[in-house]
Amino acid sequence: DDLCAKSAIELAGLLRAGAVSSVQVVSAHLDRNRAVNPYVNALVTIDEAGAMARAEELDAMARGGRFAGPLHGLPLAVKDTFPTAGLRTTYGSRVFADHVPEHDAVHVARLRAAGAIIIGKSNAAEFAYGAQTTNPLFGTSRNPYNISRTVSGSSGGAAAALAAGLAVLADGSDLGGSIRAPAGFTGVVGMRPTSRIVPLASTAMPFDGLSVPGPMARTVEDVRL
């Protein structure tokens, strides 16, 4: 019955059927973050208040027979190299340690509109430059299966969050393997879409147009969702 162990497809079905609420799903994941994230350092900014407020909004919609979209009520981790409106985005750099964007990245806005609830920002290599997930601001993400082991990079925080049950969906970015390698190191699923399939506006990142956003989850079916 552990909500943090269920797939996105399973949770979406339970939410649609009214068997669980968005508040219950988000609360379970926040509890797990408190217990587990200090060991794996997967999420570097956790938005407890924002996630719970959005969950309450979505539950009110559901009580009225309306759903935001296919991701209604599902906890999402957004890589800390993608802008999130009103939520700190650092690119893993001390230069942006206190940076709070005014706008979402295009795909982040679309994920929100589809009902996903941003539970926090996932750790990354500084400016996503590197095959390990470590940076001078937040340190190193650890592999949930053995915290002495690496999660690779640069989307290692996302992969660790999924493997540890801290979020049910995540995004990443991939130039030469930054989604695929962490997914392989943690037993989750990551996909590098064809360039420009997922829109990407200009950011502070040095590899715009080469690195692409892509989905990550624990199963192929969830990635498809």
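This briefing describes selected backbone and side-chain features of the structure shown above. The model is predicted. Most residues other than glycine have a negative phi, and most peptide bonds are trans. The first two groups below concern departures from that pattern, and the remaining groups concern the surroundings of two further residues.

**Cis peptide bond**
- The peptide bond between Gly-153 and Ser-154 is cis, with omega at about 10°.
- Ser-154 is placed in the loop that runs between β5 (139-140) and α5 (156-163).

- Ala-128 is a residue other than glycine, yet its phi is positive, near 60°.
- The loop between β3 (117-122) and β4 (134-135) contains Ala-128.
- Ala-128 counts as buried because its relative accessibility is 13%, and the cut-off for buried is under 20%.
- Arg-196 likewise is not a glycine and has a positive phi, about 80°.
- Arg-196 occurs in the loop between β7 (189-190) and β8 (212-217).
- Arg-196 has a relative accessibility of 54% and therefore counts as exposed, the cut-off for exposed being over 50%.

**Asp-80 and its surroundings**
- Asp-80 is located in the loop between β2 (75-79) and α4 (106-113).
- The relative accessible area of Asp-80 is 2%, so this residue is classed as buried.
- The side chains of Asp-80 and Thr-90 are joined by a polar contact of 2.4 Å.
- When residues up to four places away in sequence are not counted, Asp-80 touches Val-44, Arg-88, Thr-89, Thr-90, Tyr-91, Gly-92, Lys-121, Ser-122 and Phe-138.

- Val-106 counts as partly exposed because its relative accessibility is 28%, which falls between the limits of under 20% for buried and over 50% for exposed.
- With residues up to four places away in sequence left out, Val-106 touches Pro-199 and Ala-201.
- Val-106 and Gly-156 are 50 residues apart along the chain, and their C-alpha atoms are separated by 22 Å.

Definitions and conventions: Residues are numbered from 1 along each chain as its sequence is written. This is a predicted model: local features need pLDDT of at least 70, side-chain atom pairs count only at pLDDT 80 or more; totals for chains, interfaces and linings use all residues. Side-chain values use heavy atoms; hydrogens and water are left out. Helices (H or I, at least four residues) and strands (E, at least two) are DSSP runs, numbered from the N terminus. Buried means under 20% relative accessible area, exposed over 50%, partly exposed in between (1.4 Å probe, protein chains only). A polar contact is a pair of N or O atoms within 3.5 Å; within protein, one must be able to donate a hydrogen and the other to accept it, and residues adjacent in sequence count only if both atoms are side-chain atoms. Contact means heavy atoms within 4.5 Å.
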